[in-house]
Structures are given as structure tokens and as C-alpha cells.
Amino acid sequence: MKVAVIGATGYTGAELIRLLSMHPKVSDLFLFSRGEEVELEKHFLGLGFAGKVKPLEELTKFSPDFAFLALPHGESGRYAQDLIRRGVRVIDLSADFRLPLEVYDKWYGPHPAPGLLETAVYGLSEYFSEKIKTARLIANPGCYPTAFLLAVLPLAEKALIQGVIISDMKSGVTGAGRAAKREMLFGEVAENFRPYGVGGKHRHLPEMENFLNMFAKGLRVIFTPHLVPMKRGILGTIYLSLTTDVSLEELRKIYLAKYQDKPFIKILPDGQLPETRAVYGTNNALIAVNKEPGGMVIVTVAIDNLGKGAAGQAVQNMNLMAGLDETCGLKNTGIYF
Ligand SMILES: NC(=O)C1=CN([C@@H]2O[C@H](COP(=O)(O)OP(=O)(O)OC[C@H]3O[C@@H](n4cnc5c(N)ncnc54)[C@H](OP(=O)(O)O)[C@@H]3O)[C@@H](O)[C@H]2O)C=CC1
Ligand SMILES: CC(=O)N[C@@H](CCC(=O)OP(=O)(O)O)C(=O)O
């Protein structure tokens, strides 16, 4: 397969290059970014792919089978239009095609390609695989919503959750992208731990609620993200109330049954809890379910924001679209030490 990565100089672009260069079915990799032609970074030398990142203006000269858009929201939509018109199947890592128009406009501003919204399929691979297989345009989910939805949907779809779900999440700094920002300087981030977007202000809240409500109506989410001084990883601690008393053993059985044929989702045995280093560099999600003495359920979840939270899930979606095994090129235990 011929594959293009657009936004190849960013963090998710780099992770896509890493994954696609090891993918057994990818024969050609075309890389694009804005500005002048640039050399590939030294990490990627010797991988056998033609060496330079080309200016985006040259994209029209290439006809890949798949194109990954690893661009800021608002920009992706502009490039998706032309690619789709030319018959290229597109996987967009930005938020441009994840939400209904009125919700997008409220949180992100005017939509760059509203005419394409109907075409897009939300790329949460474990829940929408049938639609993903035939899709022309994938809206790859946000990193926090991926972790949240994988952790709560098994209970939501059985109508076992009531009221408010508290979603307390922590992310490494690559989640913020590679562009220079003062609040992401080493001096601001190292030896520091801070919340942000508190009080319903983070743009992943509507994404969480929108897809949660496809499976269970009337639930509300309180989402508080935090920045942790590590490079990669998301850890979520999610508190929820049940509609009826269900034992911990039964709850675990629900998760195990739901994900038994989903190779990237690992339900941890009693006594084990997710941690970010166990998913570092992988497409895996680790989930543990527990109950506190008052009966509330605590679901903990770990993913790599650049893996299952972005590039890994995007490649998993490409595999599904291409009729390949969804694990093709993605089996990886990560780095233990
Ligand atoms: N980082 C993460 O963990 C996740 C990110 N995402 C989403 O994926 C997308 C990419 O994120 P990420 O890789 O982190 O971002 P980065 O900031 O690291 O990279 C963005 C890329 O887009 C290019 N770019 C920036 N502005 C423009 C523009 N106006 N026109 C064309 N190209 C532009 C950059 O080029 P240049 O090098 O010239 O700046 C770079 O190649 C974003 O939409 C993000 O929200 C989704 C899930 C997780
Ligand atoms: C640590 C950090 O800053 N994380 C980012 C996550 C954004 C992201 O990856 O998601 P989108 O694709 O929806 O932009 C944030 O909170 O904005």
C-alpha cells in the first residue's frame, strides 16, 4: 500500500512514520509538511523510505491509497476535501470530523469542510469496526476520549451507569503537540503537576459526552485533565454510580466478555492496576475495574496518547479499512525498562 503522512514533522506524524515504516503491507511512504523540503530526522534514517519531507504544495502530485492527516484542527479539513475527491481514503487525527457541526462550531470555531461531516466515521476501532471497514474518511478519536470511552462503554451500553461520571485524567506533554508554547517549557513542566481545563472547559468533554450518549442517554461527565512531567501516556481514574447493585466479579466479567476478541484491550486481573509505562510505545489499553466500600465503581485506564490515543489507533483503522488483520504491524509489547 502507498501511504502519505501529512504533518510529518509533528509528534503524531513522527509516531506514524515509526509505525508505518515497520508495517509489512506498506510499500511506499510519502511524507509532507508545510514550508520547505526538510531532511528526515536522524531517528528515521536507513528505514528504506525516500528521504525527505516534502512541502504540502506537492501533495497533489501523489496518489496514495491512504493519507493520514496529522495537522491542527481547522487545517485537516481543508486537505481532506481534495484527497477524498481524488479517491484517497483519509484518516484524520485532528478533531475536524469528530463532532456534529453545531457542537464543533461552538468548541473549535467555523468548520473548514462541513460538507464532509456526513461521510466521516468515528474511528474508535473497538466500537465502530464495521463502519470503519468501508469508510472513506475516519475521524480518529481524541486521546482523552479514547481512554474514557474504552473504560466506560462496556457499562454504559448495558444501562448500568446513572447520573454523573467523574473523569479524572493525566497526560504526558507530547499530548500538547510539538509547537513551542511557553507553558510547555521544561522550566514550567518539570517537577510540576497541574490541572487545566477545569470546570467543563476542555474541548474533549463534548466528544466524551457525544459518544457516551450514543450508548446511554442522560449521562453527564465531569472531566478534569492534568499535565504530568512525562513524555507519553494517559492515565484515567473514572468514578461512576451503578443503576443497580452488581458485584465486582460480575463487573469484571462484563469487561472480559466485551473485550475478549479485542487484541489491544487488556482487562487486568484482580490486584493489578494500569500504569503508563506498561503501554509506552504500544497500541494497548489497560483497564482495571474496582469498587469502593460505598458502592461506587472506579475504572482505571492507561493508554499511550501517541499510540492508542493517536497514531496507533489510526494505523489500526487503516488495517480495518484495508481488510487486514487489525493488529498488522502493531503487535508490540512496549519497552519495560
Ligand atoms: N499529540 C497527541 O497526543 C495527539 C494529537 N492529536 C491531534 O493530532 C493532530 C496533530 O497533533 P500533533 O502531532 O501532536 O501536533 P504537532 O504540533 O506536533 O504537529 C503538527 C503538524 O502540523 C503541521 N502544521 C502546523 N500548522 C500547520 C498549518 N497551519 N498548515 C499546515 N501544517 C501545519 C506542523 O508543521 P510544522 O513542523 O511546520 O509546525 C506539524 O507537522 C492535532 O490535530 C492534534 O490535536 C490527536 C490525538 C493525540
Ligand atoms: C497534554 C495536552 O495538552 N493534551 C492535549 C490533548 C489534545 C489532543 O491530543 O487531542 P485533539 O486531537 O482533540 O486536539 C490537550 O489537552 O489539549
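Around ligand 1 lie 27 residues, of which Gly10, Thr12, Ser94, Gly177 and Arg178 come nearest; a residue counts as near if its C-beta atom, placed from the backbone, lies within 6 Å of the molecule. Helix H1 (11–21) and helix H9 (307–321) are the elements that give two or more residues to this shell, and H1 supplies the largest share, three residues. Helices (H or I, at least four residues) and strands (E, at least two) are DSSP runs numbered from the N terminus. The model is predicted: local features need pLDDT of at least 70 and side-chain atom pairs count only at pLDDT 80 or more, while totals for chains, interfaces and linings use all residues. Residues are numbered from 1 along each chain as its sequence is written, chains are lettered from A and ligands numbered from 1 in the order in which they are written.

By residue class, the shell around ligand 1 comprises nine nonpolar, 15 polar and three charged residues. Ala, Val, Leu, Ile, Met, Phe, Trp, Tyr, Cys and Pro count as nonpolar, Asp, Glu, Lys and Arg as charged, and the others, Gly among them, as polar. Because domain 1 (2–140) and domain 2 (144–304) both contribute to the shell, ligand 1 lies between them; the domain bounds come from an automatic or database assignment.

An open sheet of seven strands shows mixed pairing in the order S10-S11-S9-S12-S15-S14-S13, two strands being paired if DSSP finds at least two bridges between them. At its edges, strand S10 (194–195) and strand S13 (265–267) each pair on one side only. Strands S9 (residues 161–171) and S12 (residues 234–242) run antiparallel and are joined by eight bridges, with Ile161 opposite Leu242 in S12.
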